[in-house]
Amino acid sequence: MPLCLDNGYMLFGTTQGVFGFSPSDVGKSNFVPRIVFGCDDYVELPADKKNFTIEFSALDYNKNEDIWYAYRMDGVDGEWIYTKSHSVSYAGIPPGTHTFRVRSTNGDGIWTDNERTVTIHRTPELTETPLAWMLFGGALLAALIVIYKVARYISRLRKEVNEITTVTNEKIEYLKNKVHELLTERRDMDVAEGEDAAAETTDSLFRNKAMGFINDNIANSDLSIDDFCKAMGMSRTVLYVRVKKVFGSSPNNFIQEIRIKKALALMKDPGVSISEVAYKCGFSDPKYFSRCFKKTMGCSPTEYMKRGETAES
């Protein structure tokens, strides 16, 4: 235990003798370090230089703790930014005059009133001046006015041309219809029956061939419209027209309808799983099969199978 004297002085016995001190003499340093910059107090940046790095340091060589810095640039930083780094980089500095401020702690970690500043001025580019923006705005306004007038002129011309074209087309169409009626009245009488029979035979052959191809490839999830066209020996446009005429739907919807019908037949087996049905019917993903099934049937495959089990019981 130390020996405390009346004046507060404390004495400690050590292996090297007596050590004494006054507690009132112990405290944090009030030293105010001077901040120095790696540049002049005034920096002039040319118009094409928008990025720069500034270095600084607080001169306190009796450091018991790391020195912290607080910095900000007026007009760029909204509040003080704290760091232990001795340098700061800025990018995209706007034109004009800015004041860079920095202050620091001393070697004992105490914030001091040692703020220093550097004035930075950047010359604006031509496109950053008010005159340039006025010129750009005027040019844009003039362009919009020209475009508006040209558009109105073109619109008026189109209206006039459409009116003339409409009258002319009506007269031509009337004459064409009269001629067509006279020519077709006689022809239709002779060929109507033959054409109907031929069309019915062609549609029947097409129906059988299309159904056979789809049923043979029902489990192929990679089946595409191009494969369908190749098998039927016709282009996509012709295939679409024929499928629409014979089956009343598009090729994609037709294939999906066949797959759903196949799924309904398979789902009559109570031991079959939804995934097994999906893969056998050409769906690569059971979830996608469920969405397609619900869109067509109004309920999910699971609900449909439960209804079937309930009906049987």
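Pairing requires at least two DSSP bridges between two strands. Strands are DSSP E runs of at least two residues, helices H or I runs of at least four, numbered from the N terminus.

This is a predicted model: local features need pLDDT of at least 70, side-chain atom pairs count only at pLDDT 80 or more, and totals for chains, interfaces and linings use all residues. Residues are numbered from 1 along each chain as its sequence is written, and side-chain values use heavy atoms, without hydrogens and water.

Select Glu 55. Opposite, in S9, stands Ser 87. Val 88 and Tyr 90 form the covered face of S9; Ser 87 and Ser 89 form the uncovered one.

Now show the largest nonpolar core, with 18 residues. Such a core joins buried Ala, Val, Leu, Ile, Met, Phe, Trp, Tyr and Cys residues through side-chain atoms within 4.5 Å; buried means under 20% relative accessible area (1.4 Å probe, protein chains only). Phe 52, Phe 56, Tyr 90 and Val 102 are among those with the most contacts inside this core. S6 (52–59) gives the most, four residues.

Pick Val 102. Not counting residues up to four places away in sequence, Val 102 touches residues including Phe 37, Phe 56, Trp 80 and Arg 116 (heavy atoms within 4.5 Å).

Jump to the second, separate core: 17 residues, including Met 232, Met 234, Val 243 and Ile 255.

Stay on Ile 255, one of the residues that line the largest pocket. Helix H4 (residues 251–266) gives the most to this lining, with four residues.

Notes:
Buried < 20%, exposed > 50% of the residue type's maximum accessible area, 1.4 Å probe, protein only. 1 Å grid on protein atoms, 1.4 Å probe; cavity = no way out; pocket = protein on both sides within 12 Å on 5 of 7 lines; lining within 4 Å.
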